[in-house]
Every structure is written in structure tokens, then in C-alpha cells.
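Please keep the structure in view while reading.

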Amino acid sequence: MTNDANAITFENVNYGTDGIHILKNITGAITEGKITTVVGPSGAGKTTLFKLCNGLQSPDSGTINIQGKPIDSYNPVELRRKVGIALQNATMISGSIRKNLELPLKLQGHELPEERAGELLNIVGLHDVSLEKKTKDLSGGQQQKLSIARTLVNQPDILLLDEITSSLDSVSRQDVEELITRISREYGTTILWITHSLQQAITIGDETWVMMDGEVVETGPSNFLKHPQNDRVKQFVRGEIE
């Protein structure tokens, strides 16, 4: 595989804090335009890896390339336009959908045109919801969709999703899964998705990384989770490691 086919590459990436070695020699590549799911026990380093991809934290050693360029060659605003992130708890500011949706552009001193706002709501399946509706009146699933729409304002090439469906009911979860799959297919967006659900990882992911104790221990097409090769991954899949 050439580097041109990789959205993100990691080479011997290490990160620690307070004397704890959180990420250990992470090496691998996230394929451009695919959905890569990331699974592993709590404390495996999954969210920390995301923060490195988004520039929220910097590695102690090793290199991270975003679309073939060293991550530190991007300025922070440019990087966060290119690499969007949506978190488990969709944080909303008080006020209307419009106010939340336009926030990324307001921070850059720009306005969000009405037509574009409508397009974004349509993309995430909120076409029948008024821009003036208060976010406190939205369901959990609707808030998560709005969070994703807000992340799409900057038209990121790469989208990081951290447990975004874990607090949703099954109907809302399926809606968001279908939405993310559609965004990946229609726009060629590279998706990196942390999930605690192995079934979701298999169903949604084109490829999967299993992280344990700060290391990437097995990767491949997501179906490998049904028959992993690594002994520790076998234990994790059987539910013996949480």
C-alpha cells in the first residue's frame, strides 16, 4: 500500500503523562476513504490516540502524518478543519440549532449561509427540524446528529468519532450508523470510530484496530474479530478482558 492511500500514518508513536506510558510504539496506517473501527478494553489508549490525530496532544516521540504531511506542519486551525472530531457526549451551547451549527465558523470570523445550514441538517437527517429550535428540546439522537453536522461544517477529510452511539437507544444508534456509513461512501470521508461494541465494529468497519495496554495488537478487515489470531484479542472478544 502506498502512502497516497493512507489518511493517517503512525510510526513508533509514544505518549505518556505523569510517568505513565499510555501509548507504546504505535505503528500503522489508516486507509483513506474507509471506516476504521477501534476497539479494546478501557484504558487501552484509544481516546489518547484520537487526541494526537487532532493535535489536542502531541506525541513524546515518533511521527504522525496526515495525508502524507507531518502533523506538526499544519497550523492548529488548518489541522482541525481537516480532522474533525465528535465525542460521546454531544456538547451543545444554549440556544438554537443555528447557533450551534455555525459555531465552528463563528470562531473563525465567518458566517454560515442559511442554504448551507439547511444542507448540513439534510445530510444528517434533520431536514424536518427548524434551525430556530432550541437544542435542549432535541432528543439524544438528534443532538448527536447535530454534533456530527457541526463537525461537517468545516468539510473535514477525516472524521474521528469517539463512542458517539454508546448512550443512544437502538433506533437512534442505527440512524447514526447509517448516517456515518453514508457520509463515508458519498463524500469519501475517512472515518476513525472508537466503539465498545464488537458487533458495531464488525458491521460498520471496513477495517479494525484492536488496542490493548497502549499497543495496537491486531489489525485487519473487520471480520477478523470473529476469528482473531492474537491470544489476548481472543480473550477480549470472549469477554474475559474488559
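## Contacts and the model

Two residues are in contact when heavy atoms of each lie within 4.5 Å. The structure examined here is a predicted model, and the term contact is applied to it throughout this report.

Setting aside residues up to four places away in sequence, Ile148 touches Val124, Ile164, Val176, Leu179, Ile180 and Ile183.

## The nonpolar cores

Ile148 is also one of the residues with the most contacts inside the largest nonpolar core, together with Leu101 and Ile180. This core has 33 residues. Two or more residues of the core come from each of the following elements: helix 3 (97-101), helix 5 (114-123), helix 6 (140-152), strand 7 (158-162), helix 7 (170-187) and strand 8 (190-194).

## Helix 6 and its surroundings

Helix 6 consists of 13 residues. From its first C-alpha to its last it reaches 19 Å, close to the 18 Å expected at 1.5 Å a residue.

Is helix 6 mostly covered or mostly uncovered? Helix 6 is mostly covered, as ten of its 13 residues are buried. The buried residues are Gly141, Gln144, Lys145, Leu146, Ser147, Ile148, Ala149, Arg150, Thr151 and Leu152. The cover over them includes strand 6 (83-86), helix 3, helix 4 (103-106), helix 5, strand 7 and helix 7.

## Two helix neighbours

Helix 5 and helix 6 have axes that come within 9 Å and cross at roughly 130°. Helix 5 is therefore oblique to helix 6. Their crossing is right-handed. On the side of helix 5, Arg116, Leu120, Leu121 and Ile123 take part, and they meet Leu146, Ala149 and Leu152 of helix 6.

Helix 7 packs against helix 6 at an angle of about 20°, and the two axes are 9 Å apart. Because angles under 35 degrees count as roughly parallel, helix 6 and helix 7 are described as roughly parallel to each other. The crossing of helix 6 and helix 7 is right-handed. Here Gly141, Lys145, Ile148 and Leu152 of helix 6 meet Ser172, Asp175, Val176, Leu179, Ile180 and Ile183 of helix 7.

Ala149 is a residue of helix 6. Its relative accessibility is 0%, so Ala149 counts as buried. Apart from neighbours within four places in sequence, Ala149 is in contact with Leu101, Leu120 and Val124. Ala149 and Asn100 are 49 residues apart in sequence, while their C-alpha atoms are 9.7 Å apart in space.

Pro104 is located in helix 4. Pro104 counts as buried because its relative accessibility is 15%, and the limit for a buried residue is under 20%. Which residues does Pro104 contact, leaving aside neighbours within four places in sequence? They are Arg150, Val153 and Asn154. The C-alpha atoms of Pro104 and Gln235 are separated by 42 Å, and these two residues are 131 residues apart along the chain.

## Gln200 in helix 8

Gln200 belongs to helix 8 (residues 198-204). With a relative accessibility of 5%, Gln200 counts as buried. Not counting residues up to four places away in sequence, Gln200 touches Thr165, Arg173, Glu177, Trp193, Thr195 and Gly205.

Most residues other than glycine have a negative phi.

Glu163 is not a glycine, yet it has a positive phi of about 55°. Glu163 is situated in the loop between strand 7 and helix 7. Glu163 is buried, having a relative accessible area of 16%.

Asp213 likewise has a positive phi, near 50°, although it is a residue other than glycine. Where does Asp213 lie? Asp213 lies in the loop between strand 9 (207-212) and strand 10 (215-221).

Conventions
Residues numbered from 1 in each chain as written. Predicted model: local features only at pLDDT ≥ 70, side-chain atom pairs only at ≥ 80, totals over all residues. Heavy atoms only, no water. Core = buried A, V, L, I, M, F, W, Y, C linked by side-chain atoms within 4.5 Å. Buried < 20%, exposed > 50% of the residue type's maximum accessible area, 1.4 Å probe, protein only. Helix = DSSP H or I, 4+ residues; strand = E, 2+ residues; numbered from the N terminus. Expected span 1.5 Å × (residues − 1). Axes fitted to C-alpha atoms, helices over the stretch in contact; angles between N-to-C directions. Parallel < 35°, antiparallel > 145°, perpendicular 65-115°, else oblique. Left-handed = near helix turned anticlockwise from the far one by under 90°.
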